Amino acid sequence: MSDVLKAEKITFAEGVFMIVGTNIGAGILSVSYAARKAGYLPLLFWLVVVGIITTITMLYVAEATLRTRQHEQLSGLARRYVGGFGSWLMFASVTVNALGALIAYMSGSGDLMHALFGIDRRLGSVLFFIPAALILVLGLKALGRSEKVITSLMIAMLAVLIGATLVFPTTDFSHLLDGNWLYMVPVFNLVVFIYCAQYIVPEMARGLSHAPKKLPRAIITGMFVTFALIALVPLSVISLNGLDHISQVATISWGTALGSWAFFMANSFALCAMLTSYWGIGGSFLSNIADRFSLPIDSKMNVRLGVVALVVIPPFILAYSGLVGFVDALYFVGVFSGVVLSIVPYLIVRGARRTGNKTPEWHCPAWMTHPLIYLTIFLLYSSSAVYAVLAKMSLLPSGW
C-alpha cells in the first residue's frame, strides 16, 4: 500500500495540545446540560471511568502505529490488521463522528456569534468557517501550532472564569450533590463523545515520528489535562446555576450569571473550544479520507482542496437543514462511535503484534491488553448503546 500521508514534525507540547484541543469542543459546552437530570457526581464518575478506558484504547492505536512503517490512519490500520469489513466499519465511525461533531460546531458557533455580537446565526457560522477550513488546508504542522496557541489561551480564560466562580457570592457547592443516579447511563454516551481524540492518535504518530517514544507520554498527558478541564467546567457551571438553570450551550448560562465581562469571556472560550476541536476532528477526517481512498493530499494541492471541501461544506449545510439538534447530534454519535472504538482498536493492536512491519519503540504493558480489560470495555459500551436505543423508544428513562 502506498504511503500517501507524509511526516510533518510537531513537538511534544503540540501533540498534547492536539489532544486537549480536540477533546475540549462541543462536548464541554453541553455536558453540564446533559447532566442536568443525573447531576454532577454521576458525571464525575463517568469522566474518570471513560477517561481511563479511552486512554487505554488510544494506547492500543499508538502501539499499532509504532509497529507500522507507513503513516496510516485508523481506517488504514484497520484495513491492514483487521480486514476490509473492519476498515469500512472504522471509516464509518470516523465519518459519523466527524459529521456529528462538525455539524454541532457549525450550529453552536452561529448561536455563540449571535449571543456575543447580535449577528445573524448563519453569518456567524460563516465567520467561524473561514479560520476552521483554512488550517485544514495548511496541514498538520499548522494544525499543531494553532492548537497549541488557541488551547493555551482557552486554559487561561478557564482559569479566570473558574476562579471567579469559586469566590462569587451565589455559588453554592451543595448543587453538586443534586441529581438522580437513575439517569447516569445517558451521560455516559456524551462523555464518550467528549473524549473523542482517539481519532487523532495516528496524526500525532505522524507528527512525532521523529520522536516516537514521546507518543504514549503525550497521549497520557493530554488525557489527564482534558479530564481536569472537563471536570472543572461543569463543577463551576452547576455550582453557580444549579441543575435547573442550564442552557444547552452552558457557557451562556455561566457568563450570564457572573456578569457581562464573564459572558464575553465564557463565550469567547466556547468559540475557541469549537475551533480547536473542529481542527482536530476535521483534520483526522481529512486524513482518513485520503488514507482510505489513496488520495495524495500532501503532494497535490488541488486534491487537498477538494477533500477539504468534502469535509467542511456538508456539515455547514446540515447544520441549518433543521434536521439535527445540538445535543442529539452528540448523543447518537457517542453511541455509535463508542461501540466501534470499543471493538476495533484492540483487534488492530493484536493484528499489529502478529504482522506489523516495524519493531516498536514502545508497547502497551501486558495488563492493558488482557482479554478481561477488553471484555469490560466492550460490555460497557455495548450496554450503553442498547440503553440509548431503548431510551429513545421510551422503554427506559431518557437522559434528555
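The model is a predicted one, and the values below are computed from it. Two packed helices are described by the angle between their axes and by the distance between those axes.

**Helix H6 against helix H13**

- Helix H6, which spans residues 121–138, packs against helix H13, residues 301–319, at an angle of about 150 degrees, and their axes are 11 Å apart.
- Because angles over 145 degrees count as roughly antiparallel, H6 and H13 are therefore roughly antiparallel to each other.
- The crossing in which H6 passes H13 is right-handed.
- On the H6 side the contact is made by Arg 122, Ser 125, Val 126, Phe 129, Ala 133, Leu 136 and Val 137, which meet Met 301, Arg 304, Leu 305, Val 308, Val 311, Val 312, Ile 313 and Phe 316 of H13.
- Sorted by class, the residues in the contact of H6 with H13 comprise twelve nonpolar, one polar and two charged.

**Helix H4 against helix H5**

- Helix H4, residues 74–81, and helix H5, residues 84–117, pack with their axes 7 Å apart and at an angle of about 165 degrees, which means that H4 is roughly antiparallel to H5.
- H4 and H5 also cross in a right-handed sense.
- From H4, Leu 74, Ser 75, Ala 78 and Arg 79 meet Gly 86, Ser 87, Met 90 and Phe 91 from H5.
- The contact of H4 with H5 divides by class into four nonpolar residues, three polar residues and one charged residue.

**Cavities**

- Two cavities of 30 Å³ or more are found in the structure, and the largest cavity has a volume of about 70 Å³.
- The lining of the largest cavity consists of 14 residues, among which Gly 139, Leu 140, Glu 203, Leu 286 and Arg 304 lie nearest its centre.
- Arg 304, one of these residues, is also among the H13 residues that meet H6.
- At least two lining residues are supplied by each of H6, helix H7 (140–167), helix H9 (201–207) and helix H12 (260–293), with H12 providing the largest share, three residues.
- By class, the lining of the largest cavity has six nonpolar, three polar and five charged residues.

Definitions and conventions. Residues numbered from 1 in each chain as written. Predicted model: local features only at pLDDT ≥ 70, side-chain atom pairs only at ≥ 80, totals over all residues. Heavy atoms only, no water. Axes fitted to C-alpha atoms, helices over the stretch in contact; angles between N-to-C directions. Helix = DSSP H or I, 4+ residues; strand = E, 2+ residues; numbered from the N terminus. Parallel < 35°, antiparallel > 145°, perpendicular 65-115°, else oblique. Left-handed = near helix turned anticlockwise from the far one by under 90°. Contact = heavy atoms within 4.5 Å. Nonpolar A, V, L, I, M, F, W, Y, C, P; charged D, E, K, R; others polar. 1 Å grid on protein atoms, 1.4 Å probe; cavity = no way out; pocket = protein on both sides within 12 Å on 5 of 7 lines; lining within 4 Å. Points joined across faces, edges and corners; volume = space filled by probe spheres on them.
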